[in-house]
Amino acid sequence: MRGIRGVAGAGVAAVSALALAACGPLGSSASDDKPGDSVGDKAAPTAAQTAKGLSGAAHAITALDLVKKTAAGVHSAKVDSTITMGTVMSMSNEGALDWADGLVGDMTITYTGGTVADSLRQAGASTTMAARYLPDAYYVNLGSALAAQAGGKHWVKYTYADLGKFTGSSGSYLKDTIQNNNPVKSVDAVLASPDIKNVGTENVRGIMATHYTGTIDVAAMTGKSLPNLSAADQAQLKDLLAKSGISTETVDLWVSGANLPVEAVVTASTKTGPMKTTTYYSDFGAPVSVKAPALSDTVNVSDLINQ
């Protein structure tokens with residue numbers, strides 16, 4: 001069971017990294033936004049055209065407001081990202097996400113370094129796993145090599161309440177941060193910055209995109225970014241941020257001529273070293289269909305830990 005514990009712990013570490021990386025990119029709620037321009041609407045004005053005549057921060061804010069509405073309207077995309085957190089972990093994620101009603105997605109996660117990857121290798125487990133995000137829980141495939149130790153079951157189910165217990169956070173905090181981790185929130189993060197600015201046009205994987213950047217005070221954003229959290233949960237989140245050493249984050253966002261984010265980068269300093277999340281978005285509007293693994297092939301992480 002020691003090997004299974006290692007894999008179960010890797011899933012917890014992955015979600016913790018995702019939640020910490022998402023602390024900054026959560027701005028005001030997008031629930032009041034109306035669907036924006038269609039990806040295929042060639043007549044839609046670009047963000048730059050919408051902000052014509054303005055300058056400085058006013059230009060950037062006006063342009064990004066249009067980007068936010070457009071991203072909220074298409075609500076799905078293919079995603080390719082990397083996350084590094086000091087000496088703890090480095091990982092890559094690839095798959096598709098839909099954020100129409102919370103976050104659902106089908107991803108492949110690969111641990112490429114850090115203590116988490118080392119633990120997996122020592123446990124004889126694969127460092128590449130399939131993962132599924134659903135409104136009520138997060139699922140990770142154990143892989144056939146360790147299924148024999150888990151009664152033949154391949155998938156581990158992590159409810160947000162369980163994850164809260166194992167990470168020292170609240171389940172509601174983790175659910176809110178993970179379920180709101182999407183391109184709309186990346187736009188919100190830049191909009192929340194007091195020093196928001198347009199730094200020019202750059203090539204992102206063959207697409208000419210406008211680069212926006214800004215820095216945010218993460219602790220100050222807590223109440224605004226997660227309004228549904230109780231006062232106790234918000235205090236716990238601020239304590240988590242303090243313990244991790246994260247005080248500010250720099251957010252960089254690249255936007256295409258179709259008014260959609262194509263790259264988002266979040267950087268910060270932590271007590272274990274630099275944290276950086278880089279996410280590329282493509283194929284906006286692509287259908288995403290995700291189901292929970294078969295119950296007969298799934299074990300709850302709490303059962304594994306208790307064993």
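Asparagine 93 is in contact with Val79, Asp80, Ser81, Ile83, Met107, Thr108 and Ile109, leaving aside its neighbours within four places in sequence. This comes from a predicted model. Asparagine 93 lies in strand S2. Its relative accessible area is 6%, and the cut-off for buried is under 20%, so asparagine 93 is buried.

**Aromatic pairs**

- Four aromatic pairs turn up in a search of the whole structure.
- One of them joins tryptophan 99 and phenylalanine 284: the ring centres are 6.3 Å apart and the planes stand at 80°, so this pair is edge-to-face.
- Tryptophan 99 and phenylalanine 284 are both buried.
- Tyrosine 133 and tyrosine 138 also pair: their ring centres are 4.9 Å apart and their planes are at 40°, so the pair is tilted.
- Tyrosine 133 and tyrosine 138 are both buried.

**Aromatic cluster**

- Trp99 and Phe284 belong to one aromatic cluster together with Tyr281.

**Charge over a ring**

- Arginine 205 places its charged end over the ring of tyrosine 280.
- The distance from that charged end to the ring centre of tyrosine 280 is 3.6 Å.

Conventions
Residues are numbered from 1 along each chain as its sequence is written. This is a predicted model: local features need pLDDT of at least 70, side-chain atom pairs count only at pLDDT 80 or more; totals for chains, interfaces and linings use all residues. Side-chain values use heavy atoms; hydrogens and water are left out. Rings of Phe, Tyr and Trp (its six-membered ring) pair if their centres lie within 6.5 Å; planes under 30 degrees apart count as stacked, over 60 as edge-to-face and the rest as tilted. Buried means under 20% relative accessible area, exposed over 50%, partly exposed in between (1.4 Å probe, protein chains only). A charge sits over a ring if NZ of Lys or CZ of Arg is within 6 Å of the ring centre and within 35 degrees of the ring normal. Helices (H or I, at least four residues) and strands (E, at least two) are DSSP runs, numbered from the N terminus. Contact means heavy atoms within 4.5 Å.
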